[in-house]
Amino acid sequence: MRAIGKSFPGVRALDGVSLTVAEGEVVALLGENGAGKSTLMNILAGVFKDYEGEIEIGGRVAHIHSPKDARRHGIAMIHQELNLVPELSIADNIFLGRERAILDRKAMEARTAELLRGLGLDLSPRRLIKQCKIAERQLIEVAKALSQNVRVLVMDEPTSALADAEVQRLYAVIRDLTGRGVAVIYISHRLEELEEIADRVVVLRDGTYVGERSEVDRDELIQMMVGRPLGEMFPRADGGGSGVELLKVEGLSVPGEPGSGRTPLREVSLSVRAGEIVGVAGLMGAGRSELLEAIFGVHRPAAGSMSLGGRPYRPRSPKGAIRRGVALVAEDRKAQSLVLGNTIAFNASLPSLGRLLRLGTVDAKREQAAVERQVNELRVKAPGTRFTVGNLSGGNQQKVVLAKWLLTSPSLILMDEPTRGIDVGAKAEIHALMSSLAAGGKGVLVASSELPELLAMCDRILVLCEGRITAEFSRGEHPTQEAILEAAMARQKVTTL
Amino acid sequence: PGPSTSADGGEKKKFVVGYSQSNNAEPYRAQLNLQLQHFMKKYPDIELLPIADAKQSSATQVSQVQNFVTQKVDALIVSPTEPAPLTAAVEQACQAKIPVIVLDRTVNTDCYTAFIGGDNVLIGKKAGEEAVKLLPDGGNVVELRGIMSNQPQIDRDKGFREAIAANPKIKIIADREGKWLKEQATPIMQQWLAQHEKIDLVYGHNDPMALGAYLAAQAAGKAEQIKFIGIDGLAIPDGGIRAVQLGQLSATFIYPTGAEEAAETVNKILHGQEVEKKQVLGTTQVTKDNAAELYKKYDLSGQG
Amino acid sequence: MTTKTAPPTPAKAPGENRLRRTFSALGAAQAYIGLVLILAVGIATKGDIFLNETNLTNAVGAFASRGILAVGVTLVILTGGIDLSVGSLLGIASMTAAMMLSKHSLEPWQIVPICMVVGAFFGFLNGAGTAWLRIQSFVMTLAMLSVVRGLDRQVSDNVSVGTQIAGPDGKLTPQAEAFQLFGTPGHNLFDRIYYPVLAFIVVCVVFHLILTKTRFGRHVYAVGGNPTAARLSGVNVTAITIAVFTLSGMLAGFAGPIDAAYSASADPQAGQSYELDAIAAAVIGGASLAGGKGTIAGTFVGALILTLLDNVLGLNAVSDNWQLVIKGLIVVVAVVLQRPDLFKFFRGGSRS
Amino acid sequence: MTTKTAPPTPAKAPGENRLRRTFSALGAAQAYIGLVLILAVGIATKGDIFLNETNLTNAVGAFASRGILAVGVTLVILTGGIDLSVGSLLGIASMTAAMMLSKHSLEPWQIVPICMVVGAFFGFLNGAGTAWLRIQSFVMTLAMLSVVRGLDRQVSDNVSVGTQIAGPDGKLTPQAEAFQLFGTPGHNLFDRIYYPVLAFIVVCVVFHLILTKTRFGRHVYAVGGNPTAARLSGVNVTAITIAVFTLSGMLAGFAGPIDAAYSASADPQAGQSYELDAIAAAVIGGASLAGGKGTIAGTFVGALILTLLDNVLGLNAVSDNWQLVIKGLIVVVAVVLQRPDLFKFFRGGSRS
Ligand SMILES: Nc1ncnc2c1ncn2[C@@H]1O[C@H](COP(=O)(O)OP(=O)(O)OP(=O)(O)O)[C@@H](O)[C@H]1O
Ligand SMILES: Nc1ncnc2c1ncn2[C@@H]1O[C@H](COP(=O)(O)OP(=O)(O)OP(=O)(O)O)[C@@H](O)[C@H]1O
Ligand SMILES: [Mg+2]
Ligand SMILES: [Mg+2]
């Protein structure tokens, strides 16, 4: 790719970026949120019709202006935002756009089963996408890319929803591909992944090429990305948690939903004290999101009780939870958190409009000021608070979600994968934010698939497996990743079926 | 319910009659329904099933007729929405040996027992003659038409134009489709008033349209200079006869419902008597002089 | 829920000044191109006959009741639903008004609230069916269209009910006299203001303010834009859904007496197929049936486009058949012209 | 519009056998509850009068042309669009058929393809406006409704054209005789089969197979379910959009001659408001106006519900005003009954 440039209305996303990838090579693309990584790769995958510069493949100029063009040149891409059709089956999705005129269901399903098995997924090819979990969907996207005859495979944050075990399996697949001469471009904000998989790291900043390294030196890369040195990654001093008990959950059970693949919760008990950061670990489908959602009043518990700040807490809906000062940074920002067609200000102020009222109407000035302050604090990269959220880069969207909840000044904040898709710089900021929230006497309950993050940030870590708490570690015990994983896999023979 | 025979041997049979109306929700047809029910009560051995309303849809009406045939009614009355679509259905009834009385609008077959209806060309002609009388020195006429493809619209237009040809100084300067509706007629008339210096007479294919135009003219302060002629002459508080009484319409022409004749005919047919195959009904001109009397004659609301 | 059809709105420069902000609250200048075009054609072909107070008042007045329906429908569309029952609700409200007047001699100021309650009641049922029974609003309101029309015809016995009721002295009763002010052509408030036009404008202004300035308005947009996100942000999606249908019904109830006064009678068929005009006004004004996108200002413009188009074609004595053809074509042209990305499109630009 | 109302379908056990698969291709058993209920009421109240070949044939035959429209509309709805123009397209096709027959004495087998081309042409314009000019399909097809109706009225000069054309001998011409087989009541193919019913069923089967067994069918669902994903997977969203509108137009063209034969004439108003019936059939059958969800089997059931409901009410001589009321209520009940998560709902279950 040579001298690639791309402008959106009001935004210069890319400017004269060049990139080369050799056969069998894994090139990692690194940069802050909004640096232009996805845009660059989208150009390669034919998402945009027009752009500046040109693309060369195998020494010849390739004119790529549509996804079909890209496919003809053997380019496949796993997009940052999941792109599956919820009402169709896994098999139909994997072969979408490449079916025979008359469907050969048998062959499609057989091939799908094979691909899924290769990724360690045990799902019926006929299952509908809407019945699959986010992590499963991400792997299905991988399977879809693999099902094609690829020369260049682009992966835009393929692991953002994956836990360790699945990530390892993905690496195996990538190594197998490069062994066969496929070029891989890999975008991730998890630096430790790059150490493991990338042959070369290319850094972008503000839509321009900054440099590249074949040795991964963490600090240097961060310096290149952010343009300034960064302090401690996990800046949490020794835990607070001496405060009074803020949230107490006792024997909480929530029925599952067979149709949607929702995990049931079984007799979960936990507590969060003011000033404490409590982590929730577990494998995919362990019920972490489910637990946070139940505390937030999304699901009706079948049994159990909760109290908040010493008073009984029985949220009938998220509205009730918010009124009691609880906030949930949900797992899927696109589906659960943002009105994509509306502005940053609209989204950020939505849950806290009640306190921005004057004479029964929304005080636009105060709203503007409050949102601007919060958005600037989180360093959202956007031309203004009236920018459409859907046009932000993934990481910046996540920051808007955080801004939205911080504006409600919650006393208990529930975070589900809060740093998914966030660049290292911003991640450090979010971590700092969590610490300062805790220091300010708030409670933080955070579910994350990144164990190092949990280990560094949390005063206590709860481990979930199949909707049950199987272990609890406190910071004093210095738990290891292995110990947590072991507890996360402490499956019980399910006798209730 | 099919024809029911009384327990002891069937010499006192109760006849069942079905009626498919093209659209209940037109005031004229509501009046017809009311009258038919009223006159049918005179014949205790005849039961009129609840009136089926085709709601202006030929397809609905065809299946209604088919329903009645399925139920083996003893006689069938149909007021067709459109002639052609109902033709086959009426033939089906005819083949099933069910006597059919076609009320108000025709069908394109001879396979029916009796036709009862008004003569729209004649009524149009009378309206035209009245216009000639009202405009002895000629003048500008505007015409509000019913739904263009409806046969009554075509006929009422035709008769009117024939009659006003008697005075070449009478000109139709504008005509538009008012779809039989009052609320359509008002804005059209408002536009005409804006466009044309002089309008002398409004001819509405039914009273509501003429009255809708009257509202517009009254608003513009021109109601006094303009004459209004309508058709239908219903004896309801909101109808044409009252409007003539109030001086809003110069004249209207009673479009006979034929309900009384239909009831009579049904009775004759069911008792094996001869009936006239084609009964064309005349019209009565409603003027200020006879309005009160006519209202009383046709009012069935029981309130005077 | 389909951000798919919602094209990204153009980024606005951060340092916009007050004037531009006020203006942009009423939508981009381009949104008015269709309207301006029709005005231009009207003036060019008919000059003073078109451009005078009486003609414009008549034109807008004839559409006012549908325009009021369009405002209610816009609310529903913003939440991602649709309301097909407004025509029937207007019908039953106009019948209610005429009966209250003729049978019970109520004063106009008593009649209007009663009609609004009647409309709101059926609107509430629409909302309850949509939100609680989770029936697609298209089906729910189509069923309501049928049910309410049936009731309307039943209570009226299929006979239209006049509103110009004469007392024993042969003159209009005081109530009937006052009722005419609701819109019988030629009757004005304070001898100048034609009530239907005023009512339409006031409804537009009130609901414009509600949508842009209140929390309720924000919630309406949020529910239409992404119901899950709205719920997780503490929006009571069920309540908002029920509220918009109830308001839509209430507005239909409010429009009922206007329609009855306009025709000086309530017809059992009144309001039939008005829902299509109302929805068309909203959609021509830029509302997206996917929800989350649209404004009252847009709907107002859409309503004006429809009514002035009718007026211009009528004044030019275009035949009824060709009117149908031309009307369809111009609606398409107007919608294309006022697309914000039109010029980009012709520069050969983006297909999303 | 709203994944919110789209309840998750129950998971299927992996080891389902062939029988169950065939069955589930036709939708869950529950989808038929509404229909079964109406059949039960029909049989209970009218017994043999209801449940006999003639009556059922008549009932379905009367709805057949609208049923065929519903199939086309389902295709459009599946892609997330809507087609309001089908009634007008049916109208112009039926006029075309009658004119071809009366003016040019064409044979029926020549007339049908011509009508289909006419319908497809206007359908193509709908698709082009939606896909290329990116006009919301509601507006585009509403405009087309108006344009085509105007043309229909213009070419026919507002006069209906009969199809029972007598030759010089006073008997029907052979072409007119043959044309009656398309659906004039009392005329059957091979003396047994009523063509409209046959045509409706064949259209349903063909499009059921197209949607479930072909690439095109998958792409239709993909475009409606997630247009971005479809585009990124190399689906030609533009082409699919244009194709479904064209097919919908083509089917309306196919239904035209049936309607003309059924009425033994082409009325310039023919097909008016059929679009609402067609859309209602699709939506009652479970299609989601948000796109991506729906089946032809569902639409077929929806059409049967509508037509048999009419039939049962008619046979029971329910007064027409009450018919409107009852029809609306039963449609709501039928839709609620056939919701897959109904029983869960009543177990007091999840509100999503
Ligand atoms: N459709 C669009 N319209 C307007 N601006 C856009 C659009 N898509 C992307 N941008 C802008 O382009 C810039 C680059 O975005 P891009 O998605 O490439 O970032 P990224 O490097 O992938 O970030 P992240 O790590 O957060 O995913 C951002 O400022 C973003 O706001
Ligand atoms: N098909 C689906 N439809 C809607 N929501 C889903 C679906 N699948 C999963 N979810 C949501 O995402 C959550 C993920 O499931 P769960 O809580 O069981 O996993 P987890 O432990 O959070 O693991 P992970 O988030 O890593 O998948 C569920 O609570 C559920 O609300
Ligand atoms: Mg990105
Ligand atoms: Mg989770």
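Colleague: Let's go to chain C. How do helix 8 and helix 11 of chain C cross, and how close do their axes come?

Modeller: Helix 8 of chain C covers residues 195-213 and helix 11 of chain C covers residues 237-263; their axes come within 11 Å and cross at roughly 165°. Angles over 145 degrees count as roughly antiparallel, so helix 8 of chain C is roughly antiparallel to helix 11 of chain C. The crossing of these two helices is right-handed.

Colleague: Which residues make that contact between helix 8 and helix 11 of chain C?

Modeller: Helix 8 of chain C brings C:Tyr195, C:Pro196, C:Ala199, C:Val203 and C:Phe207, while helix 11 of chain C brings C:Leu247, C:Leu251, C:Phe254 and C:Ile258. By class, the contact of helix 8 with helix 11 of chain C has nine nonpolar residues, with no polar and no charged ones.

Colleague: Why is helix 12 of chain C called oblique to helix 13 of chain C?

Modeller: Helix 12 (residues 274-284) and helix 13 (residues 296-315) of chain C pack at about 120°, their axes 7 Å apart. Roughly perpendicular runs from 65 to 115 degrees and roughly antiparallel begins over 145, so helix 12 of chain C is oblique to helix 13 of chain C. Helix 12 of chain C passes helix 13 of chain C in a right-handed crossing.

Colleague: What meets what between helix 12 and helix 13 of chain C?

Modeller: From helix 12 of chain C you have C:Asp277, C:Ala280, C:Ala281, C:Ala282 and C:Ile284, and they meet C:Gly298, C:Thr299, C:Gly302, C:Ala303, C:Ile305 and C:Leu306 of helix 13 of chain C. Sorted by class, the contact of helix 12 with helix 13 of chain C has seven nonpolar, three polar and one charged residues.

Colleague: Which residues are involved where helix 6 of chain B touches helix 13 of chain C?

Modeller: B:Gln191, B:Ala194 and B:Gln195 come from helix 6 of chain B, and C:Asp310, C:Asn311, C:Gly314 and C:Leu315 from helix 13 of chain C. The class count for helix 6 of chain B with helix 13 of chain C is two nonpolar, four polar and one charged.

Colleague: How is chain A divided?

Modeller: Domain 1 of chain A is 2-228 and domain 2 of chain A is 233-489. Their centres, taken over C-alpha atoms, are separated by 29 Å. The contact takes 30 residues from domain 1 of chain A and 31 residues from domain 2 of chain A.

Colleague: What are the confidence scores for the model?

Modeller: The model has ipTM 0.84 and pTM 0.86. Chain A has a mean pLDDT of 84, and 93% of its residues reach 70 or more. Chain C averages 85, with 88% of its residues scoring at least 70.

Colleague: Where in chain C is the pLDDT below 50?

Modeller: One such stretch is residues 1-17 of chain C, which has 29 contacts beyond near neighbours in sequence. Where pLDDT is low, the predicted coordinates should not be read in detail.

Definitions and conventions. Residues are numbered from 1 along each chain as its sequence is written. Chains are lettered from A and ligands numbered from 1 in the order in which they are written. This is a predicted model: local features need pLDDT of at least 70, side-chain atom pairs count only at pLDDT 80 or more; totals for chains, interfaces and linings use all residues. Side-chain values use heavy atoms; hydrogens and water are left out. Axes are lines fitted to C-alpha atoms, for helices over the stretch in contact, and angles run from 0 to 180 degrees between N-to-C directions. Helices (H or I, at least four residues) and strands (E, at least two) are DSSP runs, numbered from the N terminus. Angles under 35 degrees count as roughly parallel, over 145 as roughly antiparallel, 65 to 115 as roughly perpendicular and the rest as oblique. A crossing is left-handed if the near helix is turned anticlockwise from the far one by less than a right angle, and right-handed if clockwise. Contact means heavy atoms within 4.5 Å. Ala, Val, Leu, Ile, Met, Phe, Trp, Tyr, Cys and Pro count as nonpolar, Asp, Glu, Lys and Arg as charged, and the others, Gly among them, as polar. Domain bounds come from an automatic or database domain assignment. pLDDT is the predictor's confidence in each residue, from 0 to 100.
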